[in-house]
Amino acid sequence: MDSQNALDAFAALSQSTRLDVFRLLIKAGETGMSAGEVGDTLGVRQNTMSANLSILARSGLIRSERQGRSIRYFADMDGVRGLLAKLRTQIGRASCRERV
């Protein structure tokens, strides 16, 4: 994950509803959830939920999959791993500079 993608992911998570959605989808695991299920669970209106899901998807933190007539959302664990790897790299560089 490059720096801009990492910034996009952090920006997506900096809003409380999107952070709640991300946490919920992490907990849902491989089952995922529909937009309606996410919205109902969090008490968020459909149009607001749609916008938040779109931002999280563009950031690479969630993915969607069409299942018949509905779309299910999942945490994108590859995106999460990429973000964590970027953090480890940046933290490692910073701690090396501090030791010098």
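Arginine 72 counts as buried at 15% relative accessibility, where buried means under 20% relative accessible area, exposed over 50% and partly exposed in between (1.4 Å probe, protein chains only). Arginine 72 forms a salt bridge with glutamate 37, with 3.3 Å between the closest N and O atoms; a salt bridge is a side-chain nitrogen of Lys or Arg within 4 Å of a carboxyl oxygen of Asp or Glu. The model is predicted, so local features need pLDDT of at least 70 and side-chain atom pairs count only at pLDDT 80 or more, while totals for chains, interfaces and linings use all residues. Residues are numbered from 1 along each chain as its sequence is written, and side-chain values use heavy atoms, with hydrogens and water left out.

**Overall architecture**

- The protein chain contains five helices and three strands; helices (H or I, at least four residues) and strands (E, at least two) are DSSP runs, numbered from the N terminus.
- Along the sequence, these elements follow the pattern α-α-β-α-α-β-β-α.
- The C-alpha trace of the protein chain spans about 55 × 25 × 20 Å along its principal axes.
- Of the 100 residues in the protein chain, 33% are buried.
- Among contacts with a separation of 6 or more, 55% come from residues 24 or more positions apart, a contact being heavy atoms within 4.5 Å.

**Salt bridges**

- The structure holds four salt bridges, including the one between arginine 72 and glutamate 37.
- That pair links distant parts of the chain, as arginine 72 lies in strand 3 (residues 70-75) and glutamate 37 in helix 3 (residues 35-42), 35 residues apart.
- Glutamate 37 counts as partly exposed at 34% relative accessibility, whereas arginine 72 is buried.
- Aspartate 20 and arginine 23 are joined by a salt bridge between their side chains (3.5 Å, N to O).
- Aspartate 20 and arginine 23 are three residues apart in helix 2 (residues 16-28) and are therefore separated by about one helical turn.
- Aspartate 20 is partly exposed, with a relative accessible area of 33%, and arginine 23 is also partly exposed, at 46% relative accessibility.
- A further salt bridge connects glutamate 65 with arginine 63, whose closest N and O atoms are 3.4 Å apart.
- Glutamate 65 is partly exposed, with a relative accessible area of 33%, and arginine 63 is likewise partly exposed, at 35% relative accessibility.
- In general, side chains of opposite charge can pair when their charged atoms come close.

- Three strands form an open sheet in the order 1-3-2, with antiparallel pairing; two strands pair if DSSP finds at least two bridges between them.
- Strand 1 and strand 2 stand at the edges with a single partner strand each, so one side of each has no neighbour in the sheet.
- Strand 1 (residues 33-34) pairs with strand 3 over two bridges in the antiparallel sense, and methionine 33 stands opposite tyrosine 73 in strand 3.
- Strand 2 (residues 62-67) pairs with strand 3 over six bridges, again in the antiparallel sense, and glutamine 67 stands opposite serine 70 in strand 3.
- Strand 2 and strand 3 form a hairpin with two residues between them, and glycine 68 in the turn has a positive phi of about 70°.
- Helix 2 lies across strand 1, strand 2 and strand 3 and runs at about 90° to strand 3; axes are lines fitted to C-alpha atoms, for helices over the stretch in contact, and angles run from 0 to 180 degrees between N-to-C directions.

**Helix 4**

- Helix 4 (residues 46-58) has 13 residues and reaches 18 Å from its first C-alpha to its last, close to the 18 Å expected at 1.5 Å a residue; the expected span is 1.5 Å times one less than the number of residues.
- Met49, Asn52, Leu53 and Leu56 are buried in helix 4.
- Seen down the axis of helix 4, its buried residues fall within an arc of 100°, so they line one face of the helix; the arc is that of the directions from the helix axis to the C-beta atoms.
- The buried residues of helix 4 pack against helix 1 (3-13), helix 2, helix 3, strand 2 and strand 3.
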